[in-house]
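Subject: Structure handover

Hi,

Here is the structure I promised to pass on to you. Please open it next to this message while you read.

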Amino acid sequence: MEKVTALAKRRGFIFPGSEIYGGLANTYDFGPLGVELKNNVKRFWWKRFVHNRPEIYGLDGGIILNPAVWKASGHIESFVDPLVECKKCHHRFRADQLEGADKCPDCGGELTAPKMFHGMFKTFIGATEDEASQAYLRPETAQNIFVNFSNIIDTFSPQMPFGIAQIGKAFRNEITTGQFIFRTLEFEQMEIEYFIRPEGWEKVFESWQDEMMAWATTCGIKKEKLKFREHSDKEISHYSKKTVDLEYEFPGGFKEIYGLAYRGDYDLINHSKHSGHELSYRDPKTQEKFTPHVVEPSFGVERTLLPMLLDSYAEEGERVILKLKPQMAPYKVAVFPLLANKEDLVKKAKEIYEGLKPKFYTAWDERGNIGKRYFSQDEIGTPFCVTIDFDTLKDSAVTVRNRDTTKQERVSVDKLSDYLENEIEK
Ligand code: GAP
């Protein structure tokens with residue numbers, strides 16, 4: 001974990017938030033390569049679960065919703081944790097995570113009795129800061145989906161079963177610190193509410209379990225480090241009838257990366273009651289009217305990135321390599337002129353770089369020697385490096401070097417784009 005954290009900072013993937021002001025606990029900023037990795041994950045997820053699934057509709061809802069939404073969803077009442085505070089060092093801990101310890105884990109000081117603490121961030125709308133103008137930053141993207149349920153029905157007339165998917169920021173006032181991007185104050189969720197007939201939810205639930213596992217391994221997360229764990233009655237969320245977490249074996253042990261919940265009709269019924277707007281479905285053939293039930297697969301973007309980085313990190317001799325899946329890698333290809341001071345080599349290399357750029361996110365490097373440039377690209381996961389040498393000027397072919405095998409191949413310039421596309425898609 002330390003090596004990955006250091007690499008992420010050194011090579012422009014992930015920076016501590018507000019660093020020049022001493023940082024801000026549990027916040028991180030994504031640098032030029034981090035944002036690429038994140039965008040690739042989100043794009044692939046969208047393609048897989050929205051574009052390739054005609055029964056799933058996309059949505060991009062707001063971060064601030066009418067506060068009544070959170071009352072109806074049960075978050076105002078139930079999105080709370082019991083906290084204890086150390087009387088000496090004033091550090092706060094979640095009482096349920098202290099595993100029975102009655103002294104401060106940091107300094108051994110005496111702990112206060114547990115007090116309930118709210119996980120939602122509050123803000124105010126308008127000029128006055130009173131209760132009437134209080135609003136919240138959403139702690140999950142799911143609620144945008146429920147409140148738009150009838151908009152999707154009215155505009156797209158979906159057949160059962162159907163889903164609504166959303167990718168977006170969520171905010172939680174987390175107090176456990178020091179877990180890198182695993183637990184942050186703001187993070188991105190990729191969520192689907194999958195609406196089904198009330199009967200037979202178990203099969204749908206199982207199929208989403210398979211989908212979640214398949215997605216995680218597609219991202220390059222190792223299957224042997226993944227397992228499902230069902231929530232006990234004590235930990236299950238207020239809205240869920242059954243929850244299974246997909247857990248990944250981090251260096252400190254197994255921890256949740258994704259959650260799958262059977263929310264039943266909890267949300268649609270509660271929003272119907274609180275809003276006065278009936279959220280039901282009418283079968284277009286039989287005219288039967290009912291409240292659909294919901295199976296909810298919820299994926300964290302940062303909790304996808306972290307296992308991807310951990311599982312792709314490798315050291316081979318002096319090389320540090322991020323063996324990211326080529327489709328996920330920030331740069332797909334790097335282009336080098338063999339020598340930076342030979343004008344005709346640089347000119348040809350620039351031409352090739354310009355030709356690849358519209359299709360692949362392409363890096364340009366002319367610093368140092370070729371060996372150093374390879375090392376530098378390996379460390380950020382660039383799957384292919386293309387070198388333009390003196391032979392290129394004669395035979396119009398380049399050397400393509402593969403990150404994982406270090407094997408080099410001569411490829412003619414006119415076939416280069418197709419060659420790379422095939423290799424990246426493999
Ligand atoms: N709508 C259901 C829901 O929000 P959750 O298990 O509380 O369920 C879903 O959160 C996912 O969101 C988690 O599996 C995780 O990937 C991500 N997540 C939750 N809290 C997070 C945090 N503080 N930092 C980063 N990711 C988080």
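Predicted model: local features only at pLDDT ≥ 70, side-chain atom pairs only at ≥ 80, totals over all residues.

The protein has 426 residues, and buried ones make up 50% of them. Its secondary structure comes to 13 helices and 23 strands. Taken along the principal axes, the C-alpha atoms fill a box of roughly 75 × 65 × 50 Å.

**The ligand site**

I expect you will want to look here before anything else. There are 20 residues around the ligand, and Glu140, Arg172, Glu191, Glu256 and Ile257 come nearest. By type, the shell divides into 9 charged, 6 nonpolar and 5 polar residues. Strands S10 (186-196), S13 (253-264) and S16 (293-300) each supply at least two residues of that shell. The most come from S13, which gives 5.

A polar side-chain atom of glutamate 191 sits 2.5 Å from a nitrogen atom of the ligand. For arginine 303, a polar side-chain atom is 3.5 Å from a ligand nitrogen. With glycine 300 the backbone takes part: one of its N or O atoms lies 3.1 Å from an oxygen atom of the ligand. Taken alone, the ligand exposes 560 Å², and the protein buries 91% of that.

Glutamine 143 belongs to helix H5 (residues 142-147), and it counts as buried because its relative accessible area is 0%.

**Salt bridges**

As a reminder, side chains of opposite charge can pair when their charged atoms come close. The count here comes to 39 salt bridges.

- Aspartate 378 and arginine 319 meet at 2.8 Å, N to O. This pair links distant parts of the chain, with aspartate 378 in helix H11 (residues 370-379) and arginine 319 in strand S18 (residues 319-322), 59 residues apart. Both aspartate 378 and arginine 319 are buried.
- Glutamate 351 bridges to lysine 348, with the closest N and O atoms 3.2 Å apart. The two lie in helix H10 (residues 343-356), 3 residues apart, which is about one turn of the helix. Glutamate 351 is partly exposed, at 47% relative accessibility, while lysine 348 is at 18% and so counts as buried.
- Arginine 403 forms a bridge with aspartate 404, the closest N and O atoms being 2.7 Å apart. Arginine 403 is buried at 2% relative accessibility, whereas aspartate 404 is partly exposed at 34%.

There is also a network, in which salt bridges with shared partners join Lys227, Arg229, Glu235, Asp245 and Glu247.

**Backbone details to check**

Which peptide bond is cis, with omega near -10°? It is the one from methionine 160 to proline 161. Proline 161 lies in the loop between helix H6 (149-156) and strand S9.

Two residues have a positive phi without being glycine. Serine 18 has a phi of about 50° and is found in the loop between strand S1 (14-16) and strand S2 (28-30). Serine 18 counts as partly exposed, since its relative accessibility is 38%. Histidine 90 has a phi near 65°, and its place is in the loop between strand S4 (80-85) and strand S5 (92-94).

**Surface and interior**

On the surface, Ile63, Ile64 and Ile125 form a nonpolar patch with about 250 Å² of accessible area together. Isoleucine 63 is in the loop between strand S3 (56-59) and helix H3 (68-72), and it is partly exposed at 32% relative accessibility.

Phenylalanine 49, in helix H2 (residues 32-51), is buried, with a relative accessible area of 0%.

Finally, glutamine 179 sits in the loop between strand S9 (162-171) and S10. Its side chain makes a polar contact of 3.3 Å with the side chain of arginine 183.

Best wishes

Note on methods: Residues numbered from 1 in each chain as written. Heavy atoms only, no water. Near = heavy atom within 4 Å. Polar contact = N/O pair within 3.5 Å; in protein donor to acceptor, adjacent residues only side chain to side chain. Areas by Shrake-Rupley, 256 points an atom, 1.4 Å probe, with all protein chains shown as cover. Helix = DSSP H or I, 4+ residues; strand = E, 2+ residues; numbered from the N terminus. Nonpolar A, V, L, I, M, F, W, Y, C, P; charged D, E, K, R; others polar. Patch = residues over 30% accessible without salt bridge, like charges linked within 9 Å, V, L, I, M, F, W, Y side chains within 5 Å. Salt bridge = Lys/Arg side-chain N within 4 Å of Asp/Glu carboxyl O. Buried < 20%, exposed > 50% of the residue type's maximum accessible area, 1.4 Å probe, protein only.
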